Amino acid sequence: YQVAAAIKGDAATTSIPIIILTALDDHDAKIRGLAAGAEDFLTKPVDRVELCVRVRNLLRLKAYADHYDRYSRRLQGEVGSRTAELVESELLYRSTFDAAPVGIAHIGLDGRWLRVNQRLCDLLGYSREELESGAAVDLISADAVASDAESLRRLEAQTLEHYVVQERQYRRRDGSYVWASVTASVHRDAEGRCRHFIAVLEDITERRLADVKLRTAKSAAEAANRAKSEFLANMSHEIRTPMNGVIGMTELVLDSELEPEQREYLRTVKSSAEALMTVINDILDFSRIESGKFALDEDDFDLHEAIGDTASTLALRAHQKGLELMVDVDPSVPSALRGDAGRLRQILVNIVGNAIKFTIHGEIVLRVASIPATPPAVGLLFSVSDTGIGIPATRQADVFKAFTQADGSTTRLYGGTGLGLTIAAELVQMMGGKLWVESSAGVGSTFHFTVVFQAVEARGVAMPPDAVVLDNLRVLVVDDNVTNRRLLHDMLEQWRMVPTLVAGTPEALAALGAAQRAGVPFDLVVTDFQPAVDGFTLAESIKADATLAGTTVVMLTSAGRPADAARCREVGIAVYLAKPVRRSELRGAILGALGIGATERPALITLPPLREGRRSGNILLVEDHIVNQMVAKRHLEKRGHRVVIANHGLEALAILEAAAFVGFDCVLMDIQMPGMDGLQCTAIIREREIVTRRHLPIVAMTAHAMDGDEARFLGAGMDAYLSKPIRPTDLFEIVERFVDRGGDLDVATPARAAETVTADPAGTEATT
C-alpha cells in the first residue's frame, strides 16, 4: 500500500499502472489497495493467463491515457492549464473506474445509482444506462432496499470515514440471481459534507452456493448421525433381548442332567453366544468413540477395590486355562481417587483378557505403580505381562489399529474383532495417558499404559492396625508359581514378617518339621490350593501331626466351591481367600486368623464369603418377553427365591396394590414394555411410597445398554441396573443384596446406593 501510494504521489511515476498481488482476500484489503491508487488487485496464487490478460489491458489503458496526456498538453496552450488538468483527471479517473476488477457504483443520497462501471454492468447483465436510470432498486427485495437505505443513513451520519459490508442477492436481466458482497463508503467534500456513496460489489455467488452445500451436507450428516445412533440403540436392544434368552436357557439346560456329548454341544452354544456379545459390545463402543459420543464419568472411587474386583472377575477365566493371575500394587499407589472407574475396569478387562486369551500356559501379572504428576493429579503406570505367543516387532503397531490383529491367523485361532486394544487406547488417551507394548514373538508381551486421576481425601476408610503387630512372625509360603512366591514374599516382608518359600507339599512338611525341631516353629502357613500344591492334603497333615497342630493355615485358591467351607473347618484351615488376593484382604485375614486386635477369633475367614445359608426372597419380575421371563424365573427359583411375574407395568401395579405394596424384597423391572413401560411404572411406585413410607428396591433389567441409559434409569428412581444378557452371578449378586437387607426399606432412612452390574465385553462380570 505504501509503495503504491508513493508511486502515485510522484509526478514522474503516477501514470504507471499498479497491480497489487497479495495472499489477502478480504474487503478491507481491496478497498485499501484501490484507495492507494492501484488499478487492479489479484489474489495469490495467481493464474498465469489471467495475469497476462490484466497486464495487457492495463497497458492498453495506459497507452490510451498517454494519448490523452499529450492531447491535454496541447490544450494547455489553447484553453489554459486549469482546463487541461480537469481533462487529465477525468481521463485518468475513467480509465481506473472502468478497469477495476470489481463492480463499482456511485450512489446518490436518495439511494439511486448515479454512475456504474463496466464490471458492474457485466455482473448484473444490464447496460450502463439502465442501471444509472434507477432500475437498480428493482433488482433486490423491498426489505433489502429498506435495509440499505437505513445503512446509508447511518453511514452518512458518521463524522469519520467508515464503511459497511453487506451481502445482497441481485436479480439479473436473464432472471438468474447473483450474490454480491457490497462494501459502501462515504465520499465527502472539502467541508466534510456527504456528496454521495461509493459501493464496491464483489461476486460471491460461488462462495454462497458452497456455503449452502456445506450447510446441507452438515444437516444431512447430523441427520445421518442421529439415525445411526438410533439404529445402534435399537440394534443393541433387539440383539440383547433374544441373546438373553439364548444364553440364559443354555445355562439352565447346562445345570440339568446331560450326557457328555450334549453338555459339550451346549457349552459350545454358550461360548459362541458370549463371543457374539463381545463382538457386538466392541462394535457399539467403537462406533460411539468414532462419533465423539463416548464420555468419561467423574466420581470418587477406591482404586484398590476397582483393581481387585476386576482381577477377581478375570481370575476364573485364567484358572480354567490353568494360568496364574497375579496382581502387584505398589504400596505408594493411593487408594482414594476421582475419575471413571468403570472405564478403567474396561481397559483392564480388554488388556488382561487379551493376555489370558493369547497365553497357553504360564502366568499373567498386573502391576500398578505411581509416576510423577502435578498435585492434585495422580499419575499411575499399569503393566500387564504374560507368557503368551508374543508379537513380532514389525506388527506391534498394528495391534492398536481397528479391526486388525498382529497376525491374520490369530483371528481364526483365537477369535475377536481386533477392536479391544483400539478401544483401550482411546480410553487411555481420554484419561490423559498413553498405551504401548513391549513384546517378543514366542516369549510373551507386556502392555503398559499410563492414566491420570485426581486425588481425593479418603473418607470413612479404616486404617489398618500398626504394622508392628506382625513383626518377626515366621511365615511358610507354599506355592508352585515363582512369581506368586515372590509377590507374597515382598508383601509379607513389607509387614516385617519373616517368610520362607517352598514350591510343594513335601518341601513344606519338611520345612515345618525342621523348624519345629530347631525350636523356631512357623507362626503361619500361606499355601496355594493347586496344582502342584494340594492345600487340603497339607492342612490335613499339619492337623494330624501333634507337634504342628497349632499352626495357623491360610489357603489361597483360584476357584472357590461352596463345599470347600465345610472341608476347611474339618482340616483346620483358618482363612480361605480367592486369588488374586488383595493386600488389604490378606493382611486383614491374617490378623483375624491370628486373633490379633480381636476379642474372639472366627472359626473361618472367607473372602469372598461362601454363602451356605441364604435367605429366600420374594421377587416381582416385570417382563413382557416370555423367554426372558422363563430364564429369570428358573434361575431365581433354583436359587431358592419365589418369583411373581407381571407382563407389563399396569399388571405390576395391580399386583403391588393387592399386596398393599409390602411383601416383596425387590422388583426386577424391564424398561420397554407395552401399555406401561418400566419408567412410568417406577414413577408411580415412587409416588405411592410418599404414603406408604416404605421403599421398594427396583432393579432395571433391560436390553438398553447405550451410554446414558444407566444414568437415566437410576435418575428415574431405580436402585440398580442390569444389562441384558443377564448373567446368573450378576442377577444373584444384586437380588440377594436387597434380599439380605430385608426388602422394602423405610424411605425416611435413605441408606440405599445405586448399584450396577453389567456384562463386560469378554463375558465376565464387572461390579460397581
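A: A residue counts as buried when its relative accessible area is under 20%, and as exposed when that value is over 50%. The model examined here is predicted.

Is Phe 522 buried or exposed? Its relative accessibility is 8%, and this is under the 20% limit, so Phe 522 counts as buried.

The surroundings of Phe 522 can be described residue by residue. With its neighbours within four places in sequence set aside, Phe 522 is in contact with Arg 474, Val 475, Leu 476, Thr 500, Ala 511, Leu 512, Ala 515 and Thr 551. Thr 551 stands 29 residues from Phe 522 in sequence, while the two C-alpha atoms are 7.1 Å apart in space. Arg 474 lies over the face of the Phe 522 ring, at 4.7 Å from the ring centre. Another arrangement of this kind involves Arg 587, whose charged end sits over the ring of Trp 495, 5.8 Å from the centre of that ring.

The chain as a whole provides the setting for this part. The chain comprises 23 helices and 29 strands. Of its 768 residues, 45% are buried. When contacts between residues at least 6 apart in sequence are considered, 65% of them join residues at least 24 apart.

Other aromatic rings also deserve attention. Six aromatic pairs are found in the structure. One of them is formed by Trp 113 and Tyr 170; this pair is tilted, with 6.4 Å from centre to centre and 55 degrees between the planes. Distant parts of the chain are linked by this pair, since Trp 113 belongs to strand β4 (residues 113-116) and Tyr 170 to strand β5 (residues 163-171), 57 residues apart. Trp 113 is buried, because its relative accessible area is 9%, and Tyr 170 is buried too, with a value of 4%. Phe 382 and Phe 449 make up another of the pairs, which is stacked, with 4.7 Å between centres and 0 degrees between planes. Phe 382 is in strand β12 (residues 377-386) and Phe 449 in strand β14 (residues 444-455), so this pair ties together parts that are 67 residues apart in sequence. Phe 382 is buried, at 0% relative accessibility, and Phe 449 is likewise buried at 0%.

Helix α21 (residues 678-692) has 15 residues and reaches 20 Å from its first C-alpha to its last, close to the 21 Å expected. Its buried residues are Gly 678, Cys 681, Thr 682, Ile 685, Arg 686 and Glu 689. Viewed down the axis of α21, the buried residues fall within an arc of 135 degrees, and they therefore line one face of the helix. On the other side of α21, Glu 687, Ile 690 and Val 691 are exposed. The cover over the buried residues of α21 includes α20 (649-658), β23 (666-669), β24 (694-695) and β25 (698-702). At the N-terminal end, α21 is capped by Asp 677, which has a side-chain oxygen 3.1 Å from the backbone nitrogen of Leu 679. After α21 comes Arg 693, which has a positive phi near 60 degrees.

Key. Residues numbered from 1 in each chain as written. Predicted model: local features only at pLDDT ≥ 70, side-chain atom pairs only at ≥ 80, totals over all residues. Heavy atoms only, no water. Helix = DSSP H or I, 4+ residues; strand = E, 2+ residues; numbered from the N terminus. Expected span 1.5 Å × (residues − 1). Buried < 20%, exposed > 50% of the residue type's maximum accessible area, 1.4 Å probe, protein only. Arc of directions from axis to C-beta. Contact = heavy atoms within 4.5 Å. Polar contact = N/O pair within 3.5 Å; in protein donor to acceptor, adjacent residues only side chain to side chain. Phe/Tyr/Trp six-rings, centres within 6.5 Å; stacked < 30°, edge-to-face > 60°. Lys NZ or Arg CZ within 6 Å of the ring centre and 35° of its normal.
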